[in-house]
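Dear colleague,

Here is the structure we spoke of handing over. My notes on its salt bridges follow below.

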Amino acid sequence: MGFRWILLPLVLSQGFLLGVLAQNVPAQERTVRNLEDQLSQAKALEEQSQKRIRLLNQELARLSTRVENLLKEKARLEGEIARLEKERAALSRQIAQLKEEIGQTEGRIAKLERDLGSLKERLQALMRSLHRERAGRYLPLLRAQSFTDLAVRARWVGYISERDAELVRTLQATLKALREERERLGLLLADLTAKEKALGQTQRALEGQKGELEATLASLRQEAQGKRALLRDALTERQRLQAQLAALQARVLAERQRLLELKRQEEERRRREEERRRQEAERRQAATPPSPRQASVVVPPPPLPATVGRLAFPVPGGRILVPYGQEGPFQVIQGPAPGSPVQAAADGYVAGVLYLPNLGYTVMLVHTETLSTVYTNLQEPLVQEGQRVQKGQLLGYTGGGLLIRPEEVEFRVAVRLGGETRFVDPSAYY
């Protein structure tokens, strides 16, 4: 409510009539700011999408590298398994050949054992015969016709016995050699069998590693497939965000153009209004010369509320350049230099902030239900609407408008008398 009762006399005073005509400019500026905020958010989302896509591409590259390395390891294992299979096949052939040789040796040993048994039987039969006929052996010799015949018969009997004994010894030696060969072949067979078993264990271990690699590869391929699906979704989302971003950029550009056009129209209305007011003032001055009593529009100011006390001078180090009532219901205060600081005259809150290009920013403070102050020709203010301020707090700097010198500020004090709001001479409250 405090802002409403001070706003009505403001818009009726000099320099504020254009605020009504340009009421669409702040709304358009808010629209542009909102769109720019949306644009910033869209850019942030698009950057997040780009970051996510980069991370997904890095993950896919990492997975591809791992899959490639695992495929190389799988190929190495398959080559090692193939080599072991060849070695096992060669060992199997050697084992089969050894078994065949062992079989042949066993056959030869069995034959020799049979021959040796037969010879042993023959020798045993001969020995028994010789034992039985020990005495009878000499009878044939005695019946020999001559000594020569006797010698020949005895020689042949000894030769036959010696040959049989030599044959037995030969067979025994051969049998011993064959048994040694069988033992050697058995040891070689056991060694080859152990090697073949070890190769089989190694091959099974490698095949187990190969199975683990294949399971890991399947898992990595499934993970890569999921990452690619996420990447497709991220790319689709980025395209949507880019389209939204382009639409927002186009809309922001259009709204900025519209704002510039509104400001141009406002400036044109301001110029026409200033020209009209100047011409009207010239006509009034030409028609009725001003009298001392008419030159003053001073309303006797009521006393300030006790809670407010004296007002602080709005521009520290400044001076009153144009007194109240000479150009309108305000004081023109000149600061030490362009961009002079402007401070709050008393404690209160910011009831409104208004911007007009020719007048700069206007800040309106409400101190009590019956007292308000207005500061015109500020650069972008350092306070916001609704903010609490303290006496002497910096509001901004002079030099925001085009029609007021950059070191000056227009200062107004508004009081509420009954149901009417009036501007009064600020000098009464310093």
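Which residue forms a salt bridge with Arg-258, and how far apart are the closest N and O atoms? The partner is Glu-255, and the closest N and O atoms are 3.9 Å apart. Please keep in mind that this is a predicted model. The pair counts because the cut-off for a salt bridge is 4 Å between a side-chain nitrogen of Lys or Arg and a carboxyl oxygen of Asp or Glu. Both residues belong to helix H5 (residues 147-287), where Arg-258 and Glu-255 are three residues apart, about one turn of the helix. Glu-255 is buried, with a relative accessibility of 14%.

A second pair sits in helix H3. Glu-59 and Arg-62 form a salt bridge through their side chains, with an N to O distance of 2.7 Å. About one helical turn separates Glu-59 from Arg-62, because the two are three residues apart in helix H3 (residues 24-132). Glu-59 is partly exposed, at 28% relative accessibility. Arg-62 is also partly exposed, at 35%.

A further salt bridge joins Glu-410 to Arg-412, with 3.5 Å between the closest N and O atoms. Glu-410 and Arg-412 are both buried.

There is also a network: salt bridges link Glu-80, Arg-83 and Glu-87.

For the overall count, the search of the whole structure gives 21 salt bridges. The ones described above are among them.

Regards

Notes:
Residues numbered from 1 in each chain as written. Predicted model: local features only at pLDDT ≥ 70, side-chain atom pairs only at ≥ 80, totals over all residues. Heavy atoms only, no water. Helix = DSSP H or I, 4+ residues; strand = E, 2+ residues; numbered from the N terminus. Buried < 20%, exposed > 50% of the residue type's maximum accessible area, 1.4 Å probe, protein only.
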